Amino acid sequence: MNAELFTEEFKITPYWWEAAAPRKINDPLPEAADVVIVGGGYAGLSTALELARNGTKAVVLEAEEFGHGASSRNGGGVSGSNVGKGPTAGAISPVERALGKERMHELLMGGAEAMANLEAMIEREKLECHYVRCGRFVGAYTPAHYESMAIKVAHLNSSGDFGAALLPRGEQRREIATDFYFGGMTVEGSGSVHPAMLQMALLDRCIEQGVILCANTTMQAISPDGAGGEGGHLVATSAGIIKAREVVVGTNGYTGKATGWLRRRLIPAASYMIATEERDADEIQALVPNNRTLADSKRVLNYYRLAPGGRRVLFGGRARLALGDPRECAPILHRQMLDVWPQLEGIKISHCWTGGIAFTFDFLPHMGQHKGVHYMAGCNGAGVAMMTYLGTQTALKILDKANRPCAFDELPFNSRPGYTGHAWFLPIVSGYYALRDRMDRARAA
Ligand SMILES: Cc1cc2nc3c(=O)[nH]c(=O)nc-3n(C[C@H](O)[C@H](O)[C@H](O)COP(=O)(O)OP(=O)(O)OC[C@H]3O[C@@H](n4cnc5c(N)ncnc54)[C@H](O)[C@@H]3O)c2cc1C
């Protein structure tokens with residue numbers, strides 16, 4: 001480990017936990033419940049909150065402490081415009097190619113709804129989480145990516161209130177203090193949150209609404225209660241068995257073998273982030289004059305932003321696609337940050353951390369039911385708005401209160417022959433994508 005790179009107080013826990021650390025809430029496990037929810041992240045808690053607001057008190061099982069999962073570890077970029085964005089350099093996603101423009105349009109409308117749902121929830125529930133509709137800048141990694149962004153901009157603007165616009169290279173310093181990109185696009189209809197504060201604010205509302213919260217309680221198996229499952233489900237947990245009329249699984253990147261059907265449909269991956277030490281606010285805020293969230297158009301993308309208060313940079317990416325020791329990925333992210341902002345040479349890293357995400361084979365998020373068990377999963381790296389939305393939609397479905405089916409409900413949800421959920425191919429695939437990124441960039445130079 002290169003000591004020069006790290007502050008003396010360097011930590012391998014999320015920067016966000018300084019303000020909102022995971023919490024152990026150990027309500028006793030009841031014998032029965034109307035609804036049992038597995039997973040205490042945004043998806044699980046927003047399901048529980050919507051149910052509770054409508055008079056149904058759920059039990060939430062969380063294998064670790066509340067806040068252990070990706071929901072308190074992410075970049076806090078809030079966006080509905082990433083739907084179907086696979087590892088495609090440039091603008092046209094594989095989903096759009098496969099499904100066509102019209103279907104893609106519907107899904108993007110679903111993304112816009114997810115964003116609106118989160119904004120409404122933050123306001124209605126008074127969730128203190130530094131939410132700002134700050135907009136987003138996506139830098140074009142090559143001139144060809146910039147060209148294809150024109151199509152993406154037109155598409156976004158015809159699909160929802162995204163307020164997307166192209167920004168040529170000559171003007172990009174309006175958004176970011178670098179010449180690293182070949183122009184880019186801005187998307188006004190996106191925002192940023194303090195992700196761990198959002199998670200804890202949701203948790204607080206659940207507590208106020210009487211949701212039963214069981215930390216350190218691992219779901220081990222779900223089976224039908226009685227012949228044909230008409231009696232609901234039996235959920236075996238590390239703390240005993242609970243009977244439930246409905247069961248909802250919201251375990252996303254942490255989905256285990258106990259829900260093998262779902263696991264076979266998800267490709268678990270890791271994302272990593274660093275936080276820099278604090279610097280003078282003027283110096284840091286000059287890097288991002290409009291305080292947008294930032295990303296680039298690479299296949300193995302970077303996403304980044306300023307921390308609330310504007311005194312440090314938070315820089316993320318898939319430096320490695322498997323969960324591992326963050327200390328090994330910190331230098332990679334630091335170097336990528338300096339590629340964009342060489343003026344930060346010498347800045348140290350105060351935190352580096354990782355968290356689990358889940359891709360799907362069609363790059364779309366999914367909700368639905370398998371053998372009567374509800375699931376919501378497949379954030380594809382962008383789930384702050386989406387997983388919260390799928391939680392809300394799953395609750396409305398259980399309550400029979402949805403006006404119409406959600407765009408992501410019961411989509412075809414395929415696995416691949418022989419795939420069991422062990423993504424052995426990830427290092428190969430990510431190495432290949434990173435190589436293609438480097439080749440594209442070299443060609444553009
Ligand atoms: C580093 C990083 C950066 C990211 N940046 C962004 C971003 O900027 N914008 C964005 O939109 N998205 C981002 N994401 C993705 C986003 O964080 C996730 O999509 C979202 O938090 C998923 O929420 P969730 O509730 O579905 O899952 P999680 O928050 O991961 O919660 C799942 C929970 O299930 C629990 N669990 C698993 N198995 C069991 C079991 N058997 N029994 C009980 N509990 C169980 C786990 O312990 C875990 O706490 C990022 C993710 C990471 C890791």
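The buried residues of helix α8 are covered by parts of the structure that include the strands β13 (266–276), β16 (313–317) and β17 (349–360), where covering rests on contact, meaning that the C-beta atoms of two residues, placed from the backbone, lie within 7 Å. Helices (H or I, at least four residues) and strands (E, at least two) are DSSP runs, numbered from the N terminus. The model is a predicted one, in which local features need pLDDT of at least 70 and side-chain atom pairs count only at pLDDT 80 or more, whereas totals for chains, interfaces and linings use all residues. Residues are numbered from 1 along each chain as its sequence is written.

Within α8, the buried residues are Pro-326, Cys-329, Ala-330, Leu-333, His-334, Met-337 and Val-340. Seen down the helix axis, the buried residues of α8 fall within an arc of 150°, so they line one face of the helix; the arc is that of the directions from the helix axis to the C-beta atoms. A residue counts as buried if 20 or more other C-beta atoms lie within 10 Å of its own, as exposed if 12 or fewer do, and as partly exposed in between, with C-beta atoms placed from the backbone. The face of α8 that is turned away from the buried side carries Arg-335 and Asp-339, which are exposed. The 15 residues of α8 (residues 326–340) should span 21 Å at 1.5 Å a residue, and the end C-alpha atoms are 21 Å apart, which agrees; the expected span of a helix is 1.5 Å times one less than its number of residues.

The chain as a whole contains 10 helices and 19 strands. Its radius of gyration is 21 Å, close to the 22 Å that the globule rule gives for 445 residues, so the chain is as compact as a globular protein of that length; the radius is taken over C-alpha atoms, and the rule is 2.2 Å times the number of residues to the power 0.38. The C-alpha trace spans about 65 × 50 × 45 Å along its principal axes, and 54% of the 445 residues count as buried. Among contacts between residues at least 6 apart in sequence, 76% join residues at least 24 apart.

Two further helices were examined in the same model. For α3 (residues 101–124), the 24 residues should span 34 Å at 1.5 Å a residue, and the end C-alpha atoms are 34 Å apart, in agreement. Its buried residues include Met-104, Leu-107, Leu-108, Gly-110 and Gly-111, and α3 is followed by Lys-126, whose phi is positive, near 50°. Helix α9 has 15 residues and reaches 22 Å from its first C-alpha to its last, close to the 21 Å expected at 1.5 Å a residue. Of the 15 residues of α9, 14 are buried, so the helix is largely enclosed by the rest of the structure. Just after α9, Asp-400 takes a positive phi of about 60°.

The ligand is surrounded by 42 residues, of which the closest are Gly-41, Gly-69, Gly-75, Gly-355 and Gly-383; a residue is near a molecule if its C-beta atom, placed from the backbone, lies within 6 Å of it. At least two residues of this shell are supplied by each of α1 (42–53), β13, β17 and α9 (384–398). The shell has 16 nonpolar, 23 polar and 3 charged residues, where Ala, Val, Leu, Ile, Met, Phe, Trp, Tyr, Cys and Pro count as nonpolar, Asp, Glu, Lys and Arg as charged, and the others, Gly among them, as polar.

Several loop residues were also considered. Most residues other than glycine have a negative phi. Phe-363, in the loop between β17 and β18 (366–370), has a positive phi near 60° and is buried, with 20 other C-beta atoms within 10 Å. Lys-371, in the loop between β18 and β19 (373–377), likewise has a positive phi, of about 50°, but counts as exposed, with 11 C-beta neighbours inside 10 Å.

Gly-421 lies in the loop between α9 and α10 (426–444) and is partly exposed, with 19 other C-beta atoms within 10 Å. Residues up to four places away in sequence not being counted, Gly-421 touches Arg-263, Arg-264 and Leu-266. The C-alpha atoms of Gly-421 and Trp-261 are separated by 9.2 Å, although these residues are 160 residues apart along the chain.
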